[in-house]
Amino acid sequence: MTAREPSGIKGPGRWYRALRGLSVGVLGLLVSGCAMMAPAPPEDQRNICEVFREQPRWYDYARDSQAKWGTPIATQMAFIQQESSFRSHARPPRKRILGFIPGSRPSSARGYAQALDPVWGEYRDDAGGTLARRTHMKHATDFIGWYNARTHRQLGISLYNPEQLYLAYHEGAGGYRRGSYRGKPQVRQAASRVQARANRYQSQLATCEAEFRCRRFYQVGPFCSDS
């Protein structure tokens with residue numbers, strides 16, 4: 001006869017499974033809750049003034065990134081609009097098996113800037129820190145600034161050339177050197193859109209940027225910079 005537990009005592013496996021199931025459920029709620037709490041994409045994405053009126057903190061983040069890395073605010077926001085349409089949890093659509101079964105995603109791109117896992121890891125190690133999140137605009141703008149500064153060092157592309165910066169952003173330094181984008185008309189069209197949008201955003205920002213500078217009560221006199 002095999003030994004068995006005394007009557008009334010339950011094995012640990014049942015409790016472990018129950019706790020594991022509860023933990024998974026709580027984690028799922030937290031993830032979905034973060035997505036629900038994220039800012040909704042701006043209604044008028046054609047006008048950067050309207051974007052910043054809806055989300056004035058985004059101006060602060062982009063301005064900080066510009067001061068740190070050199071990429072103009074308008075270019076940063078043109079990149080993000082192209083990559084995610086200002087959706088914080090954007091990801092590439094899943095492949096479909098037999099036309100309807102969800103499969104894997106084509107890449108690990110995620111967040112406002114659609115940064116891939118490997119390069120995001122490089123950014124966090126080099127500049128962003130372990131708490132940097134692709135779903136936060138502050139880190140997305142800083143990432144774009146960091147990436148373009150690296151592109152400028154590696155390839156010599158001007159930080160005031162959004163079209164070529166975007167090609168390097170999409171293809172990577174090695175791909176850009178090889179001219180891989182030349183055989184990708186969709187990528188070249190996207191880069192042209194980024195250039196046109198950055199130009200338009202820059203013109204628009206010139207008419208409204210004063211609204212977003214020095215808007216806090218403590219930003220007066222020497223504590224506020226108009227540059």
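Let's start with two helices that sit against each other: helix H6, covering residues 137-155, and helix H7, covering residues 162-178, pack at an angle of about 45°, and their axes are 10 Å apart. Keep in mind that this is a predicted model. Why give those two numbers? Two packed helices are described by the angle between their axes and the distance between the axes.

What do we call an arrangement like this one? Angles under 35 degrees count as roughly parallel, and 65 to 115 as roughly perpendicular. H6 and H7 are therefore oblique to each other. Their crossing also has a hand, and for H6 and H7 it is left-handed.

Now look at who touches whom. On the H6 side you'll find Phe143, Ile144, Tyr147, Asn148, Thr151, Gln154 and Leu155, and they meet Leu165, Ala168, Tyr169, Gly172, Ala173, Tyr176 and Arg177 of H7.

Next, let's move on to a covalent link. How many disulfides does the structure hold? The count is one, and the partners are cysteine 49 and cysteine 208, with an S to S distance of 2.1 Å. Cysteine 49 belongs to helix H2 (residues 48-54) and cysteine 208 to helix H8 (residues 185-212), so this pair ties together parts that are 159 residues apart in sequence.

Terms used
Residues are numbered from 1 along each chain as its sequence is written. This is a predicted model: local features need pLDDT of at least 70, side-chain atom pairs count only at pLDDT 80 or more; totals for chains, interfaces and linings use all residues. Side-chain values use heavy atoms; hydrogens and water are left out. A disulfide is a pair of cysteine sulfur atoms within 2.5 Å. Helices (H or I, at least four residues) and strands (E, at least two) are DSSP runs, numbered from the N terminus. Axes are lines fitted to C-alpha atoms, for helices over the stretch in contact, and angles run from 0 to 180 degrees between N-to-C directions. Angles under 35 degrees count as roughly parallel, over 145 as roughly antiparallel, 65 to 115 as roughly perpendicular and the rest as oblique. A crossing is left-handed if the near helix is turned anticlockwise from the far one by less than a right angle, and right-handed if clockwise. Contact means heavy atoms within 4.5 Å.
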